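Welcome! Let's take a walk through this structure together, one part at a time.

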Amino acid sequence: MSNTLTNSAPWLALKSHFETIKNAHIKTLFEKDSKRVQHFTINEAGIYFDFSKHRITEKTVELLLDLAKEKSFEARRDAMFSGDKINITENRAVLHTALRAPKGAEVFVDGHNVLPDVHEVLDKMADFSNKIRNASWKGHTGKPIKNIVNIGIGGSDLGPVMAYEALKYFSNRSLTFRYVSNVDGSDFAEAVNDLNADETLFIISSKTFTTLETMTNAQTARAWALKQLIDPSAIARHFVAVSTNEKEVVKFGIDPQNMFGFWDWVGGRYSMSAAIGLSTMIAIGPDQYHEMLKGFHEMDEHFRTAPLNKNIPVIMGLLGIWYNNFFGAQTQAVFPYENYLKRFPAYLQQLTMESLGKHSTLKGENTDYQTGTVYWGEPGTNGQHSFYQLIHQGTRLIPVDFIGFKKSLNNIPPHQDYLIANMIAQGEALAFGKTAGEVRKEGIAEQLVPHKVFEGNRPSSTFFLDQLSPENLGKLVAMYEHSVFVQGVIWDINPFDQMGVELGKVLAQNIIPELQDKQKPIAHDFSTNALIEFYRQ
């Protein structure tokens, strides 16, 4: 059992400090410090980050930063940016930051500068995207492509679909985009229901080109296309691949010239700025795509160079440690007050939970502390009429991230003012609440007073940006990526592998033939056997 972290001097100091502050009310903290907002606001990299409505003092932040230093955070961060093989379980570098570094930069892996390779793929993506967008790429029958269907799963789906929805305002509206990930046949059937094969391009996104769900959907797409197009050579005009397995890509019928590669130092959930973003580039165009990469890079540089006490992802990650390990909070809510970001919380679920859902330290010892947080959320103001009740008056502590923009992409007065007023008001209500005395002053009947009281003291962060744009989307994604890294360093776990997704997939491969052949013997536990028998009937 590992106790290096929980026996360290900074951890013990935090534990002692927690006992002195755990019952302090946010309202009282504001009353004691007239400059609290100035102390707990960072305005850097185009993001205004207000974390004053947290159950912290300056001492809390000081001790959390001591913990980061104890864990050699800066050295670990620099090792990632330098291309060291910090993904020790897979012996790989972790260089999603290199995917958005500008031309001329240098990042070395095993003595090789990978930046020219990155920009070669980006240029190839741009050339292909322009051909689709200007209709010079023709399908098998000579018609231009009107529909793009991205087939992937996990990081090969969540990033592209989130980015498409987030940047829909900037997209080419003459093109239709669909995303298929679920092995449930209904997902594919609905995606192609109103499409014609001679106007449809499929992007098959699978690093290995062997992922069960993706390749099942890819083969179904191939059969669907050939049912209309007949000629197998048509596949080369209607399918492209984002993969590293050229042999399987060619075997499928895809021209290797239309294969867009990436590298083993790009993890799936960190890959939306790699070739996995091909559908995003087709949708918004190469110039806007590079604006998104610029936003990623600006946040990368902020994370790499800003002092720790003025570093947005660092403070975010340390606040996550504070609530998870000291207050015992098990979930983190993310509420974007921007409807285009409706898929952003779902994207963050994979980024955070697949990265931080680990029980083994880098040395292979079991942790004796809680790791990982359940991320969830929906766009505001919808949530206010569904689950905010639990956050305001429930018995669970749920820290909240509010994300807002000063300007709307669709300026329809007074919508934006109403939207942002609600976001700001929710943060105020969560922090400060309403006392029984304040309720009584409103003339509320005494028997209803307990039901109208808001305890407050519910923590939240508010992130303000100017307007949703490709650049600002890149900043937001990178911000959360790096906050995940911070927590991984503190917990001494590897946030870049995902061994936990394997067992269920392996067992499924054993069960598939047992479902398909009713005569095949089955030998699992009693419950699993019964479920298979029930399905066979």
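Is the crossing of α5 and α20 left-handed or right-handed? The crossing of α5 and α20 is right-handed, a term used when the near helix is turned clockwise from the far one by less than a right angle. This is a predicted model, in which local features need pLDDT of at least 70, side-chain atom pairs count only at pLDDT 80 or more, and totals for chains, interfaces and linings use all residues. Residues are numbered from 1 along each chain as its sequence is written, and side-chain values use heavy atoms, with hydrogens and water left out.

Helices (H or I, at least four residues) and strands (E, at least two) are DSSP runs, numbered from the N terminus. The axes of α5 (residues 73-81) and α20 (residues 470-491) come within 10 Å and cross at roughly 125 degrees. Axes here are lines fitted to C-alpha atoms, for helices over the stretch in contact, with angles from 0 to 180 degrees between N-to-C directions. The two helices α5 and α20 are therefore oblique to each other; oblique covers what is left once angles under 35 degrees (roughly parallel), over 145 (roughly antiparallel) and 65 to 115 (roughly perpendicular) are taken out.

Now for the strands. Five of them form an open sheet in the order β6-β5-β7-β8-β9, with parallel pairing; two strands pair if DSSP finds at least two bridges between them. At the edges sit β6 (176-180) and β9 (259-260), each pairing on one side only. Further in, β5 (residues 147-151) and β7 (residues 200-205) run parallel and are joined by five bridges. Val-149 has Phe-202 in β7 as its bridge partner.
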